[in-house]
Amino acid sequence: MGTHTPKLDEKGRLVLPAKFRDGLSDGLVITQGQESCLTVWPEQTFMTEANRVQSQPMTNKDSRDYRRVLFGGAEQTVPDKQGRIGIPLFLRASAGLEKDVVVVGVGDRVEIWSPQRWEQYQTGAQQKFTDLDEQPAEA
């Protein structure tokens, strides 16, 4: 959980916020996420998602599309002793990452956003969250 605003270094490395390091220290997978962010999965969690995705039929176009995005952009790595992970250029470009980034804990994974995309997403998501309160309770 939580939101952090670290910076990428000149080599495209991110120092993971300390609270996320233990859960990612044994290995992780970085891939393209939804809404133009990057998703950082603990390796075992990624493998669970990979198995779920691979159980879907290849005859389903949405399933094929999701596999291509999930696996095609995936990068497996281990944080170094300083808790840094390298983010490949193609992934940084896909998420619009430059120097400043937003790192968000989302339950079983971490998301990395450009500050501009995070702000845009938050604006729309906050309105949807507010609107949930306006819906009548089901009987």
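In the predicted model, Gln44, Thr48 and Asn51 are exposed on one side of helix 2. The buried residues of this helix, Phe46, Glu49, Ala50 and Val53, lie on the same side of helix 2, because they cover an arc of only 105° around the axis. Helix 2 itself comprises 12 residues, 43–54. The distance from its first C-alpha to its last is 16 Å, close to the 16 Å expected at 1.5 Å a residue. The cover over the buried residues of helix 2 includes strand 3 (28–32), strand 4 (38–42) and helix 3 (61–72).

Two of these covering elements, strand 3 and strand 4, belong to an open sheet of six strands with the order 1-7-8-4-3-5. Pairing in this sheet is antiparallel. Strand 1 (3–4) and strand 5 (75–77) stand at the edges and have a single partner strand each, so one side of each lacks a neighbour in the sheet. Strand 4 pairs with strand 8 in the antiparallel sense over three bridges, and Val40 stands opposite Val110 of strand 8. Helix 2 packs on the sheet, where it touches strand 3, strand 4 and strand 5. The direction of helix 2 makes about 105° with that of strand 4.

The largest nonpolar core contains 18 residues, of which Leu14, Ile30, Leu38, Ile87, Leu97 and Ile112 touch the most other members. Two or more residues of this core come from each of helix 1 (18–24), strand 3, strand 4, helix 4 (89–95) and strand 8 (109–113). Another core, of six residues, lies apart from it and has Val29, Trp41, Phe46 and Val53 among its members. Phe46 and Val53 are also among the buried residues of helix 2.

At the level of the whole protein chain, five helices and eight strands are present, and their pattern along the sequence is β-β-α-β-β-α-α-β-β-α-β-β-α. Of the 139 residues in the chain, 35% are buried. Among contacts with a separation of 6 or more, 56% join residues 24 or more positions apart. Taken along the principal axes, the C-alpha atoms fill a box of roughly 55 × 35 × 25 Å.

Methods: Residues numbered from 1 in each chain as written. Predicted model: local features only at pLDDT ≥ 70, side-chain atom pairs only at ≥ 80, totals over all residues. Heavy atoms only, no water. Helix = DSSP H or I, 4+ residues; strand = E, 2+ residues; numbered from the N terminus. Expected span 1.5 Å × (residues − 1). Buried < 20%, exposed > 50% of the residue type's maximum accessible area, 1.4 Å probe, protein only. Arc of directions from axis to C-beta. Contact = heavy atoms within 4.5 Å. Core = buried A, V, L, I, M, F, W, Y, C linked by side-chain atoms within 4.5 Å. Pairing = 2+ DSSP bridges. Axes fitted to C-alpha atoms, helices over the stretch in contact; angles between N-to-C directions.
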